[in-house]
Amino acid sequence: MAFEGLSERLQSTLSKMRGKGKISETDVKEMMREVRLALLEADVNFKVVKQFVNDVKERAVGQDVMKSLTPGQQVVKIVHEELSNLMGSDVVPITFSQKPPTVVMMVGLQGAGKTTTTGKLANLIRKKHNRSPLLVAADIYRPAAIKQLETLGKQLDLPVFSLGDQVKPEEIVTKALEYAKTNHHDFVLIDTAGRLHIDETLMGELENVKTIAKPNEIFLVVDSMTGQDAVNVADSFNEKLGITGVVLTKLDGDTRGGAALSIKAVTGAPIKFVGLGEKLDALEPFHPERMASRILGMGDVLSLIEKAETQMDQDAAKELESKIRDASFTFDDFIEQLAQVKNMGPIDELLSMLPGAGKMKGLKNVQIDEKQLDHVEAIIRSMTKHERANPEVLNASRRKRIAKGSGRSIQEVNRLIKQFDDMKKMMKQMSGQMKGKKKGLGLPFF
């Protein structure tokens, strides 16, 4: 999970401050020593750590905090604000051209996930901004790069412009832009060549493509798991090309998070998108403030709701609420909700968006085996239609048949049916408590 190590250290350190009714300068210094160590262990750039610690310390020992009725809470608030500022403070949207097409150059080293990210970004732009993207295969050096982009295009049902690997990138880009205008594509993403390291030949070619394409955005794709190297790569590309934004890939696999916390401060270029999984929709805009909240264990409910709303339309949500209210929720509804939850992404990532999830009994250090969800699905699908709609008919012989049909044990079947019954009771209680309050958030129940 992203930032796992850093998150645990910071939450542990700040929890000591939260409840304090009085804070001394010594308390602040001791806390900042722990924060400094946590950030350095997370592979955050040394200069960035030094500046961050100084900024927090300066604000934390101010009169507003010392004389506050809740100084501990004020210090936590300051850390949250400075952490957010470190990553960019505000969401920086894509710059769209007033005269189509909008052109985006995707640059980066080999292995960072540039080609896949190009496809993911095109998919996101089409869904979120209702644009008509064109993918341009301008990486003529890496074996199978063009084929990979064409495969992504087929999977996403998006057009790919390619002239093969015997034509210079400059010519490919020139003709691709002509093609985009003729065929009314208002968004062009150019997948450029990468290298295993930065060299003059690579930069010279990218500068030529930049001159021809006149891009509205130059996005640098970096692998967040490379830590400090990611920051160094970003600095070099920024110096040569003037990047306008960064896309961090594999953030879900980086437990440290040093790159995300350092890149904006070192290069000045904002992180615009983050990759949080392998699926083609696992790319999302980067929200510095929300990420700071998640790191400090404050949750990210807004992102959780947004994820839910993309998976469930309002009509389905209202129908589900109605079933919950009159206690007619069935195993068919349950399996539908299960699919919605699985589509929202890794379960541990969803749990990290719940405020205080790290402290919840039973959730702290929980290891989510997503195969268990498949086991649940197998059990439900082994039931007859009548059984799924009327769980009360599930006697001992039926349960034995279901266990055999799903390849699971009778104990697992019994446990699932009990959990389902308990969940229905809980939903009924929640429905009563929520009566008259705002409904329709579209959050899946699980």
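**Close-up views of a predicted model**

**View 1. Thr249, a buried strand residue.** Thr249 has a relative accessible area of 8%, under the 20% limit, so Thr249 counts as buried. The structure shown is a predicted model. Thr249 is found in strand β6, residues 245-249. Leaving out residues up to four places away in sequence, Thr249 touches Ala112, Thr117, Val221, Val222, Asp223, Ser224 and Gly275.

**View 2. Asp139 in its loop.** Asp139 is found in the loop between β2 (133-137) and α7 (145-156). Buried or exposed? Asp139 counts as buried, at 3% relative accessibility. Residues up to four places away in sequence aside, its contacts are Lys114, Ala145, Ile146, Asp191, Thr192, Ala193 and Gly194. Ala193 is 54 residues from Asp139 along the chain, and their C-alpha atoms are separated by 4.1 Å. A polar atom of the Asp139 side chain lies 3.2 Å from the backbone nitrogen of Tyr141.

**View 3. Arginine ends over aromatic rings.** The charged end of Arg195 sits over the Tyr141 ring, 5.0 Å from its centre. The charged end of Arg131 sits over the ring of Phe96, 4.0 Å from the ring centre.

**View 4. The Phe331 and Phe420 ring pair.** The model has 4 aromatic pairs. One of them joins Phe331 and Phe420: the ring centres are 4.0 Å apart and the planes meet at 20°, under the 30 degrees limit, so the pair is stacked. Phe331 lies in helix α15 (residues 331-343) and Phe420 in helix α20 (residues 410-433), so the pair ties together parts 89 residues apart in sequence. Both Phe331 and Phe420 are buried.

**View 5. The largest nonpolar core.** In soluble globular proteins, nonpolar side chains tend to be buried together. The largest nonpolar core here holds 74 residues. Which members touch the most others? They are Met31, Leu83, Ile190, Phe237 and Leu248. Domain 1 (1-87) and domain 2 (102-296) each supply at least three residues to this core. Take Leu83: residues up to four places away in sequence aside, Leu83 touches Leu10, Phe52, Leu261, Ala292, Ile295 and Leu296.

**View 6. Another nonpolar core.** A core of 22 residues lies apart from the largest one. Its members include Leu124, Leu135, Leu149 and Phe273.

Terms used:
Residues are numbered from 1 along each chain as its sequence is written. This is a predicted model: local features need pLDDT of at least 70, side-chain atom pairs count only at pLDDT 80 or more; totals for chains, interfaces and linings use all residues. Side-chain values use heavy atoms; hydrogens and water are left out. Rings of Phe, Tyr and Trp (its six-membered ring) pair if their centres lie within 6.5 Å; planes under 30 degrees apart count as stacked, over 60 as edge-to-face and the rest as tilted. Helices (H or I, at least four residues) and strands (E, at least two) are DSSP runs, numbered from the N terminus. Buried means under 20% relative accessible area, exposed over 50%, partly exposed in between (1.4 Å probe, protein chains only). A charge sits over a ring if NZ of Lys or CZ of Arg is within 6 Å of the ring centre and within 35 degrees of the ring normal. A nonpolar core is a set of buried Ala, Val, Leu, Ile, Met, Phe, Trp, Tyr and Cys residues joined through side-chain atoms within 4.5 Å. Domain bounds come from an automatic or database domain assignment. Contact means heavy atoms within 4.5 Å. A polar contact is a pair of N or O atoms within 3.5 Å; within protein, one must be able to donate a hydrogen and the other to accept it, and residues adjacent in sequence count only if both atoms are side-chain atoms.
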